[in-house]
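Me: I have a new structure to look at, and I'd like to go through it with you step by step. Could you help me read it?

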Amino acid sequence: MEGHGEAEVEEEEEEEEGEEEEGGVRITPQLLKASTGEFALESILLLKLRGRGIAHLGCLGDCANLEWLDLSGNAIAQLGPLAALKSLAVLNLSRNRVASLEPLGSCHNLQSLNVAGNLVSSLQQLRCLTGLRRLESLRLRDPLARLANPLCAAPAYRAALADMFPGLKAIDGERVSGRGSELYQLCRDLDSSLGRGGGGAGTGTEPPRAAQPWVEASFWEPRPPRRSSIMEEAYKQFGEVLQECRELSRRADDTIAQAERALSGRPDPNSFVF
């Protein structure tokens, strides 16, 4: 009986960890429920399975309402089940073995995708993502984690990505459009300018050129405050209400003064003598 009990415990542990198959772990309903505490796969909105040795996505496509998914640091090569995740907005697949992103073309709600440290070798492999109108952030390279794809060896791959995905606001974690992109571009221009200046410092053949501003002369001047039509209308209505209050206050003062005069004109009852 004791041996039978130990076998049941081991079986439960294997179910919690996922099915061990040749080449890696397969995602199972038991693994998903043990990781999230949810009883129904449709109830899972956020899922973190980082560094679990996963190679097969198994039943992950049954998490129909999943919005945030972290599968980084595994051994995943095939993404087929992810095509069913229509609500998925954030996906981290860094440090895996992915070469084809075709299934992600069906994730129309996807906004942020990290595939740094995989096997994407050409821009053609990314064309399946051009239909994702909400995609704002795409990462193929992570210098801090020393992760990249073969595609990143091309010197102008970031410019090509920007042309292929005009709606992107960030490539490899760097802003390319939207708030903060101007400052980032200014810093890049400064770095490249300093790099060019440092290369010829030792030759002494050319005199140093006068420093040129990187922005227009009026860039740092404070801009006049902008007042929208809604604010203008609010100010106008407030002024009208304030004027009405003043008028009511004036009328009240006049009424009180008239009442005081009327009361002061009445004879004093105590003055009558019988």
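This is a predicted model: local features need pLDDT of at least 70, side-chain atom pairs count only at pLDDT 80 or more; totals for chains, interfaces and linings use all residues.

Me: OK, how many helices and strands does the protein have?
Reply: The protein has five helices and 10 strands, counted as DSSP runs (helices H or I, at least four residues; strands E, at least two) and numbered from the N terminus.

Me: And what share of the residues is buried?
Reply: Of its 274 residues, 27% count as buried, meaning under 20% relative accessible area with a 1.4 Å probe and protein chains only.

Me: Which residues of α3 are buried?
Reply: In helix α3, residues 157-164, the buried ones are Tyr157, Leu161 and Met164. They lie on the same side of α3 because they cover an arc of only 65 degrees around the axis, taken from the directions from the helix axis to the C-beta atoms.

Me: What do they pack against?
Reply: The buried residues of α3 pack against β8 (137-139) and β9 (170-171).

Me: Switching topic, how many disulfides are there?
Reply: A search of the whole structure finds zero disulfides, a disulfide being a pair of cysteine sulfur atoms within 2.5 Å. Cys63 is in none, and the nearest cysteine sulfur, that of Cys59, is 6.5 Å away.

Me: Is Cys63 buried or exposed?
Reply: Cys63 is buried, with a relative accessible area of 0%, and Cys152 is buried too, at 14%.

Notes. Residues are numbered from 1 along each chain as its sequence is written. Side-chain values use heavy atoms; hydrogens and water are left out. Buried means under 20% relative accessible area, exposed over 50%, partly exposed in between (1.4 Å probe, protein chains only). Contact means heavy atoms within 4.5 Å.
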